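Thanks for coming. I will go through one model today, starting with the contact between its chains and then moving to single helices and residues.

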Protein chains: 2
Amino acid sequence: MTVTTKPAPAKRVRLSPDARREQLLDLGVRMLATRTLEDLSIDVLAEQAGISRGLLFHYFKNKQDFHRAVVQRAADDLLARTRPDLTRAPAARLALSLEHYVDYVLANRLSYISLVRGAAGGDPALLEIFERTRVAMTSRVTDYLEVFGVADTPAARLLARGWAALVEEAVLSWVADPRLTKPELLRILASSLPAVLAAG
Amino acid sequence: MTVTTKPAPAKRVRLSPDARREQLLDLGVRMLATRTLEDLSIDVLAEQAGISRGLLFHYFKNKQDFHRAVVQRAADDLLARTRPDLTRAPAARLALSLEHYVDYVLANRLSYISLVRGAAGGDPALLEIFERTRVAMTSRVTDYLEVFGVADTPAARLLARGWAALVEEAVLSWVADPRLTKPELLRILASSLPAVLAAG
């Protein structure tokens with residue numbers, strides 16, 4: 001008697017439409033880690049999910065709708081993974097958030113570059129998601145104003161927003177050409193925040 | 001005898017194909033100041049230039065080719081207008097470059113936002129132009145490393161690039177919602193550069 005190595009077919013689970021949609025979005029986000037938004041087609045998703053193209057259009061009206069949903073999910077993931085741990089002291093909290101951010105970009109390099117560098121292609125809904133994510137990331141930085149003894153002024157808020165862009169740019173640049181170790185990168189990013197805020 | 005107010009028709013000047021192309025690009029960039037790249041069609045350009053659509057395709061192969069040429073011209077303009085005046089002392093040079101940059105963004109708000117926020121839509125040629133422009137802007141910042149007594153290290157270069165992104169983000173944010181005066185904005189941007197570089 002030979003032992004078959006072929007795995008038993010996965011038990012077909014009947015999912016509710018909502019659960020199925022969530023599953024498809026998760027798959028979309030995973031696929032986005034290694035390809036740009038442009039290359040994320042309904043056809044490829046259907047193939048990867050093993051369901052028909054027609055059924056997919058039951059969950060997403062069209063390619064644009066699918067892209068928006070995937071990008072929103074990716075933005076939610078980024079925000080969740082980099083959420084500051086408020087039980088920690090501010091310095092440790094900042095260091096940890098930065099580390100999770102760098103790890104996220106490393107793990108989702110292509111999609112992250114695509115999102116930051118012009119994936120919207122003029123779609124106002126995508127631009128809106130990017131903008132909301134940017135504002136959410138920045139609003140965390142403003143939590144550090146008090147920590148660093150900086151008054152909450154329009155100048156300080158502008159610099160906080162600018163610092164978030166500095167981090168985004170420096171990390172993208174580092175990922176493309178890492179001439180520093182990760183700890184070195186994290187150190188200069190963390191120490192640049194109080195420096196920037198003090199310029200207000 | 002009545003005096004006609006109708007202006008004499010402009011003398012038709014025969015332009016060389018190169019000169020005509022330059023003229024069309026200038027018009028494209030001016031049009032881009034008040035509309036996004038998406039809305040800059042060959043049809044609108046033909047109408048504004050008063051020449052036929054067919055003739056336009058003599059100068060630009062297609063819409064994509066036209067967009068690339070206009071974006072390249074806009075990037076060249078930005079770099080030219082913000083070129084540091086090397087006859088000035090470093091502090092004055094930085095202040096003046098920043099002021100010209102802010103003025104450029106103010107004058108070309110829509111196009112600038114469109115270029116920075118996702119106009120590329122995955123066109124690698126457009127992304128390449130953005131990237132080259134970003135590198136050119138950053139390379140000017142690295143000129144200040146010596147001025148501010150900072151060694152030219154990978155960390156300093158990463159921070160210089162990050163600072164250019166900080167300026168871009170802060171100025172776009174300020175243009176959308178100006179809660180500081182322009183001199184206040186220029187002051188915090190200028191003072192943030194040595195602060196950021198010192199974090200290396």
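One definition before the interface: buried area here is the accessible area, taken with a 1.4 Å probe, that two parts lose on being put together, summed over both. Please also keep in mind that this is a predicted model.

With that in hand, chain B and chain A bury about 2,800 Å² between them. Of that area, 69% is on carbon and sulfur atoms. In residues, 34 of chain B are in contact with 34 of chain A.

What about the charged and polar pairs across the interface? Between chain B and chain A the count is 4 salt bridges. For polar contacts, the count between chain B and chain A is 6 residue pairs, both residues at pLDDT 80 or more.

Which helices of chain B each supply at least two residues of the side that touches chain A? They are helix H7 (124-147), helix H8 (154-176) and helix H9 (182-197) of chain B. H8(B) gives the largest share of that side, 13 residues. Sorted by class, the side of chain B that touches chain A has 18 nonpolar, 8 polar and 8 charged residues.

Now chain A by itself. It has 9 helices and 0 strands, so the trace you see on screen runs α-α-α-α-α-α-α-α-α from the N terminus on. Of its 200 residues, 46% count as buried. Among contacts in chain A between residues at least 6 apart in sequence, 68% join residues at least 24 apart.

A residue to look at in chain A is Ser192(A), in helix H9 (residues 182-197). Is Ser192(A) buried or exposed? Buried, with a relative accessible area of 0%. The side chain of Ser192(A) makes a polar contact of 2.8 Å with the side chain of Trp163(A). If we leave aside neighbours within four places in sequence, Ser192(A) is in contact with Trp163(A) and Leu166(A), and also with Leu159(B) and Ala199(B) from the other chain.

Next, salt bridges in general. Side chains of opposite charge can pair when their charged atoms come close. Over all chains, the structure holds 26 salt bridges. In one of these, the side chains of Asp43(A) and Arg53(A) meet at 2.2 Å, N to O. This pair links distant parts of the chain, with Asp43(A) in helix H2 (residues 42-49) and Arg53(A) in helix H3 (residues 53-59) of chain A, 10 residues apart. Asp43(A) counts as partly exposed at 40% relative accessibility, and Arg53(A) counts as partly exposed at 44%.

Asp152(B) and Arg157(B) meet through their side chains in a salt bridge of 2.7 Å, N to O. Here Arg157(B) is partly exposed, at 42% relative accessibility. Asp177(B) forms another salt bridge, with Arg179(B), and the closest N and O atoms are 2.9 Å apart. Asp177(B) is partly exposed at 40% relative accessibility, whereas Arg179(B) is exposed, with a relative accessible area of 62%. There is also a network: salt bridges that share partners join Glu131(A), Arg134(A), Arg161(A), Glu168(A) and Glu169(B).

Let me turn to helix H2 of chain B, residues 42-49. Which of its residues are buried? Ile42(B), Leu45(B) and Ala46(B) are. They lie on the same side of H2(B), because they cover an arc of only 100 degrees around the axis. What do the buried residues of H2(B) pack against? Their partners are helix H1 (17-32), helix H3 (53-59) and helix H4 (63-81) of chain B. Just after H2(B) comes Gly50(B), which takes a positive phi of about 65 degrees.

The last item is Leu96(B), in helix H5 (residues 90-107) of chain B. Leu96(B) is partly exposed, with a relative accessible area of 24%. In sequence, Leu96(B) and Leu186(B) are 90 residues apart. In space, C-alpha to C-alpha, Leu96(B) and Leu186(B) are 9.2 Å apart.

That is where I will stop.

Definitions and conventions. Residues numbered from 1 in each chain as written. Chains lettered and ligands numbered in written order. Predicted model: local features only at pLDDT ≥ 70, side-chain atom pairs only at ≥ 80, totals over all residues. Heavy atoms only, no water. Buried < 20%, exposed > 50% of the residue type's maximum accessible area, 1.4 Å probe, protein only. Helix = DSSP H or I, 4+ residues; strand = E, 2+ residues; numbered from the N terminus. Arc of directions from axis to C-beta. Contact = heavy atoms within 4.5 Å. Polar contact = N/O pair within 3.5 Å; in protein donor to acceptor, adjacent residues only side chain to side chain. Nonpolar A, V, L, I, M, F, W, Y, C, P; charged D, E, K, R; others polar.
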